[in-house]
Amino acid sequence: MDKKNQTKVTEFYFSDFPQFEDGGLLLFILLLCVYMFIVVGNAMIFLAVQLDVHLHNPMYSFISIFSFLEICYTTVTIPQMLYNLVSKEKTISFIGCLMQMYFFHSFGVTEGLVLTIMAVDRYVAICNPLRYAIIITPKLCTQLSTGSFTLGFLMLLPEIVWMSTLPFCGPNQIHQLFCDLEPVLLLACTDTSMILVEDVIHAISILSCVSIISLSYLRIITVVLKIPSGESRQKAFSTCTAHITIFVLFFGSVSLMYLRFSVNFQPLLEKIIALMFAVLAPFFNPIIYSLRNKDMKKAIKKMFCSQKVRRLWELM
């Protein structure tokens, strides 16, 4: 195609969202309720950990960071989805699409790194309890948390900068629920063989985290099974059950989406998988960490009776 006759794309169109009168309203209400639950539930966990001194330890600090990330992670995509369900336009600007991809994947990578740190934390706590306080110090926790954010937000930057230089001349229809790397790259009016490089980078980062987490929990299970006391064994398992559940939910759906290379799924299955890691995994996080955790439930109950929370509401 003659470059002079190419029209530069300034916005993308989400073509697979239903019209407002064709079921969009029902989906809007459902998704809005889910989003509100995600924000409120994860905010309660975050505040409970910050306000309750009994939860000021590495494990709950990482849980609170993860809950904060879940709020940010979903806020990048769900409000745009809600807009697309009620709007006739269903569009996003080129810059807006790039920013959505950058923040969505940056928060996602950071979540994966935090989950990896949480697995290592539990490994040291259960497999080397006598040295836990010496190894997992507050300083190390701060360094690991800061490192996760830094690496998470730097990893995607070169790729997004490169994509911003690509020519997009049409079509501009994105067949996904939000802007994602591969669906957008396929719309570029140039050689997109770099998609394979992008797949390899994602595969390495995902598999590295999955390997570390899997090995940590396998070692934990081996050690716990050797504990003679049934009560101690049950307590040790209960502290890891929530982490393993979140790990399976998050990395299971992420692996289906980004570890398939050139394998294509049916369009409906693509959207279901996208919903799993973009909406459903964050939805279950507050349920798993609050309803299945006695200390967290106590902290949340105490939080609603706390004077600090009352003052916070008064200031708001």
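Helix 1 and helix 2 cross with a left-handed crossing. Left-handed means that the near helix is turned anticlockwise from the far one by less than a right angle; clockwise would be right-handed. The helices here are DSSP runs of H or I, at least four residues, and strands are runs of E, at least two, numbered from the N terminus. This is a predicted model: local features need pLDDT of at least 70, side-chain atom pairs count only at pLDDT 80 or more, and totals for chains, interfaces and linings use all residues. Residues are numbered from 1 along each chain as its sequence is written, and side-chain values use heavy atoms, with hydrogens and water left out.

Back to the pair. The axes of helix 1 and helix 2 come within 9 Å and cross at roughly 160°. That makes helix 1 roughly antiparallel to helix 2. Axes are lines fitted to C-alpha atoms, for helices over the stretch in contact, and angles run from 0 to 180 degrees between N-to-C directions. Under 35 degrees counts as roughly parallel, over 145 as roughly antiparallel, 65 to 115 as roughly perpendicular, and the rest as oblique.

Next pair. Helix 2 and helix 3 pack at about 160°, axes 9 Å apart. Helix 2 and helix 3 are therefore roughly antiparallel. Their crossing is left-handed.

Now each helix in turn. Helix 1 covers residues 24-51, 28 residues in total. Its first and last C-alpha atoms are 40 Å apart, close to the 40 Å expected at 1.5 Å a residue. The expected span is 1.5 Å times one less than the number of residues. The buried residues of helix 1 include Leu31, Val34, Tyr35 and Ile38. Buried means under 20% relative accessible area, exposed over 50%, partly exposed in between, with a 1.4 Å probe and protein chains only.

Helix 3 has 34 residues, 94-127. It should span 50 Å, and its end C-alpha atoms are 49 Å apart, which agrees. How many of its 34 residues are buried? The count is 27, so helix 3 is largely enclosed by the rest of the structure.

Where is it? In the loop between helix 2 (58-86) and strand 2 (91-93). Is Lys90 buried or exposed? Buried, with a relative accessible area of 0%. A polar atom of its side chain lies 2.5 Å from the backbone oxygen of Asn84. The Lys90 side chain also reaches the backbone oxygen of Ser87, at 2.8 Å. Polar contacts are pairs of N or O atoms within 3.5 Å; within protein, one must be able to donate a hydrogen and the other to accept it, and residues adjacent in sequence count only if both atoms are side-chain atoms.

Look at the backbone too. Most residues other than glycine have a negative phi. Lys90 has a positive phi of about 55°, although it is not a glycine.

Lys90 touches several residues, among them Phe12, Phe17 and Pro18, leaving aside residues up to four places away in sequence. Contact means heavy atoms within 4.5 Å.

Pro18 sits in the loop between strand 1 (11-14) and helix 1. Its relative accessibility is 26%, so Pro18 counts as partly exposed.
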